[in-house]
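This briefing covers a single protein model and is meant to be read alongside the coordinates.

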Amino acid sequence: AIRFPSAEWCTAFAQAINANPGYRAAAKDWTHGAVAMVVTAEPAIGIAEDMAIWLDVDRGECRSGRLVSRQEADTAPFVIVASHARWKEVIKKQLDPTKGMMQNKLKLTKGHMPTIVKYVTANKELVESTSRVPTQFVDE
């Protein structure tokens with residue numbers, strides 16, 4: 001299993017996205033730029049500072065997935081912020097990301113919510129892709 005969050009996990013996630021034909025179809029019209037998923041700092045479980053998974057996604061393809069600082073994450077067109085526990089719920093398919101944003105469990109701090117809603121199927125396929133990455137959560 002691969003530690004979440006880590007650079008290795010980001011790379012594996014990008015590969016899983018590109019191996020998912022459902023995502024390719026659902027996001028074929030996505031031209032809105034990168035998405036940064038920020039994991040907030042939680043020193044008690046080993047996350048010393050905010051960090052983010054940067055997904056360079058375009059037209060159904062993930063051109064890269066990498067671990068970045070909060071400062072770099074904030075430059076992405078779409079920034080979604082949540083605790084490690086919330087991202088864990090998303091990855092384990094216990095929380096739908098779009099619903100999570102609507103309920104303020106995940107915070108869209110930058111970007112256009114109606115655009116996110118328009119791509120609800122693509123978002124579900126991104127989560128589907130995470131389930132293909134063997135994940136070791138830092139709090140387990």
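The model is predicted.

**Surroundings of T115**

- T115 has a relative accessible area of 11%, which places it among the buried residues because the cut-off for that class is under 20%.
- The side chain of T115 makes a polar contact with the side chain of H112, at a distance of 2.7 Å.
- When residues up to four places away in sequence are set aside, T115 is in contact with W30, H32 and F78.

**Aromatic pairs**

- The structure contains 5 aromatic pairs; one of them is formed by W9 and F13, whose ring centres are 5.0 Å apart and whose planes meet at 40°, so that the pair counts as tilted.
- W9 and F13 both belong to helix 1 (residues 7–18), where a spacing of 4 residues separates them by about one helical turn.
- W9 is buried, at 1% relative accessibility, and F13 is likewise buried, with a relative accessible area of 1%.
- A further aromatic pair joins W30 to Y119 in an edge-to-face arrangement, with 5.0 Å from centre to centre and 85° between the planes.
- Because W30 sits in the loop between helix 2 (21–26) and strand 2 (35–39), while Y119 sits in the loop between helix 6 and helix 7 (120–130), this pair ties together parts of the chain that are 89 residues apart in sequence.
- Both W30 and Y119 are buried, and W30 is also one of the residues that T115 touches.
- F4, W9, F13 and F137 are linked by ring pairs into a cluster, which includes the tilted pair of W9 and F13.

**A charge over a ring**

- R66 is placed over the face of W54, at 5.2 Å from the centre of the ring.

**Helix 4 and the residue after it**

- Which residues of helix 4 (residues 84–91) are buried? They are H84, W87, K88, V90 and I91.
- K93 follows helix 4 and has a positive phi, near 65°.

Methods. Residues are numbered from 1 along each chain as its sequence is written. This is a predicted model: local features need pLDDT of at least 70, side-chain atom pairs count only at pLDDT 80 or more; totals for chains, interfaces and linings use all residues. Side-chain values use heavy atoms; hydrogens and water are left out. Buried means under 20% relative accessible area, exposed over 50%, partly exposed in between (1.4 Å probe, protein chains only). Helices (H or I, at least four residues) and strands (E, at least two) are DSSP runs, numbered from the N terminus. A polar contact is a pair of N or O atoms within 3.5 Å; within protein, one must be able to donate a hydrogen and the other to accept it, and residues adjacent in sequence count only if both atoms are side-chain atoms. Contact means heavy atoms within 4.5 Å. Rings of Phe, Tyr and Trp (its six-membered ring) pair if their centres lie within 6.5 Å; planes under 30 degrees apart count as stacked, over 60 as edge-to-face and the rest as tilted. A charge sits over a ring if NZ of Lys or CZ of Arg is within 6 Å of the ring centre and within 35 degrees of the ring normal.
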